[in-house]
Amino acid sequence: MNQHPTTEFITSLIQEGEFFKLKEALKKFEPGEVVELIEEEEEREQLIIFRLLPLELATQVFEYLDLDIQRHFLANLAQDKITDILNEMSPDDRTALLEFLPDELVRELIQTLSEPERKVTLELLGYPEYSVGRLMTPDYIAIRENWTVQQVLDYIRRHGGQSETLSVLYVTDSRGRLIDDIRIREFLLADPQTRVNELMDNRFVHLQTMQDQEEAIEVFRRNDRVALPVVNSDGILYGIVTIDDILDIREEEDTEDIQKLGGSEALDEPYLTISLPKMIQKRAGWLVVLFLGEMLTATAMGFFEGEIEKAVVLALFVPLIISSGGNAGSQATSLIIRAMSLGELTVGEWWKVMRRELLSGALLGGILGAVGFLRILLWQQTGFYDYGPHWFLVGCTVGLSLVGIVLWGSLSGSMLPLLLKKLGFDPATSSAPFVATLVDVTGLIIYFSVATLFLSGTLL
């Protein structure tokens with residue numbers, strides 16, 4: 001068959017037991033296509049397809065599969081097949097897999113690795129969970145400063161096949177310390193007899209093995225690199241981190257922040273695969289905290305029960321008042337947390353943030369206050385609803401209250417993430433629902449305080 005085999009054709013070969021034809025057909029697939037094919041099949045068919053893949057293709061496919069499918073294969077494949085795949089996997093991908101497996105299984109799998117691969121894996125697993133050391137791979141090209149360009153190119157031809165990337169070469173001294181990095185284009189354009197030290201400028205960017213992964217994201221962003229070298233405290237080159245690993249970490253960090261902003265703990269697993277008890281556990285805690293916070297709203301309402309009895313019309317605008325403040329606070333929180341994650345502002349710039357939110361909060365409150373007053377005016381004048389003889393004072397109460405509450409919501413929502421960051425907590429825990437709950441309670445106090453000021457001697 002000359003044309004590319006279809007998914008339906010593959011499925012029919014499995015059902016008919018034509019495994020020899022299936023093995024030949026699978027060789028025409030790219031790794032990404034095999035991954036899609038496996039994910040569409042049932043567990044039995046997944047194993048059949050994977051068992052028939054050539055080792056190199058099987059290794060590439062295994063690295064891209066979801067963790068649950070990887071676990072399923074590890075539990076059901078023959079030991080020799082697992083050993084071959086683990087030995088062929090890139091060290092950083094293998095380490096990422098082992099981190100999520102039970103300790104007993106990890107110990108067994110490590111014992112199946114070849115001695116060099118076992119040493120690399122154990123070294124990677126020895127670094128803190130969120131350190132750069134967990135991301136790095138030792139597959140890179142290191143050269144010496146006294147080599148000629150021709151020697152470098154010859155070395156690449158012999159050893160470059162195992163390197164994670166060839167876009168940058170790393171110059172080390174006799175002790176293995178990193179002294180420079182040079183882009184491959186410099187060697188391709190230079191005279192073959194030029195020596196490496198003639199191409200060096202001794203300016204390079206590097207990461208530390210114990211450095212936090214979030215810091216590495218920022219270093220990549222600032223320097224626009226596809227790979228960065230990783231050194232220990234003595235400057236010894238240990239490995240490199242590539243942009244694909246950084247993008248994965250960035251995705252995880254963004255997902256975690258978004259889930260926290262929604263008012264729950266980070267799920268740590270895909271939504272459709274996390275167990276129901278674990279899902280409840282992650283969400284219940286914050287919901288209880290928010291519920292207890294909202295109970296303070298009822299307490300505040302009870303405190304102003306006398307005012308509400310005298311002027312029932314005030315109760316009509318309570319949902320409007322508290323939701324506006326909560327929305328303003330949620331907006332400010334989301335904007336500040338995102339700006340902090342992008343490095344656009346730091347805790348030390350809190351005064352700049354406060355000045356902007358004072359101005360923007362007042363203006364936004366003025367806009368909503370004007371809309372609120374206009375709504376009361378229109379309803380009163382058109383006869384749609386009668387707010388009584390003191391409707392003008394009621395409108396002023398609502399309008400001015402909105403200015404104060406939106407201003408307070410903007411300030412609270414912007415300052416809380418900065419305060420948490422200063423105290424060493426994750427700013428994302430100042431979720432939008434949490435800020436909204438805080439502003440709800442204080443918003444009621446502002447509203448009824450303004451009402452007392454305007455309506456004393458009339459409705460109150």
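Me: Why is lysine 352 called partly exposed?
Reply: This is a predicted model, and the label rests on a computed area. Lysine 352 has a relative accessible area of 46%. Buried means under 20% and exposed means over 50%. The value for lysine 352 falls in between, so partly exposed is the label.

Me: What makes lysine 352 and glutamate 349 a salt bridge?
Reply: The rule asks for a Lys or Arg side-chain nitrogen within 4 Å of a carboxyl oxygen of Asp or Glu. Here the N to O distance is 3.7 Å. That is within the cut-off, so the pair counts. Glutamate 349 is partly exposed, at 27% relative accessible area. Salt bridges with shared partners also join Glu218, Arg221 and Arg222 into one network.

Me: How many salt bridges does the rule give?
Reply: The count comes to 10. One of them pairs glutamate 24 with lysine 27.

Me: How do you know that glutamate 24 and lysine 27 form a salt bridge?
Reply: Their closest N and O atoms are 3.3 Å apart. The limit is 4 Å, so the pair passes. Glutamate 24 has a relative accessible area of 36%, which makes it partly exposed. Lysine 27 is partly exposed as well, at 46%.

Me: What about aspartate 201 and arginine 203: buried or exposed?
Reply: Aspartate 201 is partly exposed, at 41%. Arginine 203 reaches 64%, over the 50% mark, so it is exposed. Their side chains meet in a salt bridge, 3.7 Å from N to O.

Me: Why is asparagine 202 called exposed?
Reply: Its relative accessibility is 52%. Exposed means over 50%, so asparagine 202 qualifies.

Me: Where is aspartate 224, and what is its phi?
Reply: Aspartate 224 sits in the loop between α14 (213–223) and β5 (227–231). Its phi is near 55 degrees, a positive value in a residue other than glycine. Aspartate 224 is exposed, with 67% relative accessible area.

Me: Now the rings. How many aromatic pairs are there?
Reply: A search of the whole structure finds 11.

Me: Why is the pair of phenylalanine 373 and phenylalanine 392 called edge-to-face?
Reply: Two values decide it. The ring centres are 5.6 Å apart, within the 6.5 Å limit, so the rings pair. The planes stand at 90 degrees, over the 60 degree mark, so the pair is edge-to-face. Phenylalanine 373 lies in helix α19 (residues 350–382) and phenylalanine 392 in helix α20 (residues 391–422). They are 19 residues apart.

Me: How accessible are those two residues?
Reply: Phenylalanine 373 has a relative accessible area of 24%. Phenylalanine 392 has 45%. Both values lie between 20% and 50%, so both residues are partly exposed.

Me: What makes the pair of tyrosine 447 and phenylalanine 448 tilted?
Reply: The angle between the planes is 50 degrees. Under 30 degrees would be stacked and over 60 edge-to-face, so this pair is tilted. The centres are 5.1 Å apart. Both residues are buried. Elsewhere, ring pairs link Phe50, Phe62 and Phe73 into a cluster.

Me: Which residues make the nonpolar surface patch of about 400 Å²?
Reply: Val288, Phe291, Leu292 and Met295 make it. Phenylalanine 291 is in helix α16, and methionine 295 lies in helix α16 (residues 276–303).

Me: Which residues gather in the patch of negative charge?
Reply: Glu8, Glu30, Glu33, Glu36, Glu39, Glu40 and Asp66 gather there, on the surface. Helix α3 (residues 31–40) gives the largest share, four residues. Glutamate 36 has its place in helix α3.

Technical notes
Residues numbered from 1 in each chain as written. Predicted model: local features only at pLDDT ≥ 70, side-chain atom pairs only at ≥ 80, totals over all residues. Heavy atoms only, no water. Patch = residues over 30% accessible without salt bridge, like charges linked within 9 Å, V, L, I, M, F, W, Y side chains within 5 Å. Areas by Shrake-Rupley, 256 points an atom, 1.4 Å probe, with all protein chains shown as cover. Lys, Arg positive; Asp, Glu negative; His and termini not counted. Charge placed at Lys NZ, Arg CZ, Asp CG, Glu CD. Helix = DSSP H or I, 4+ residues; strand = E, 2+ residues; numbered from the N terminus. Phe/Tyr/Trp six-rings, centres within 6.5 Å; stacked < 30°, edge-to-face > 60°. Buried < 20%, exposed > 50% of the residue type's maximum accessible area, 1.4 Å probe, protein only.
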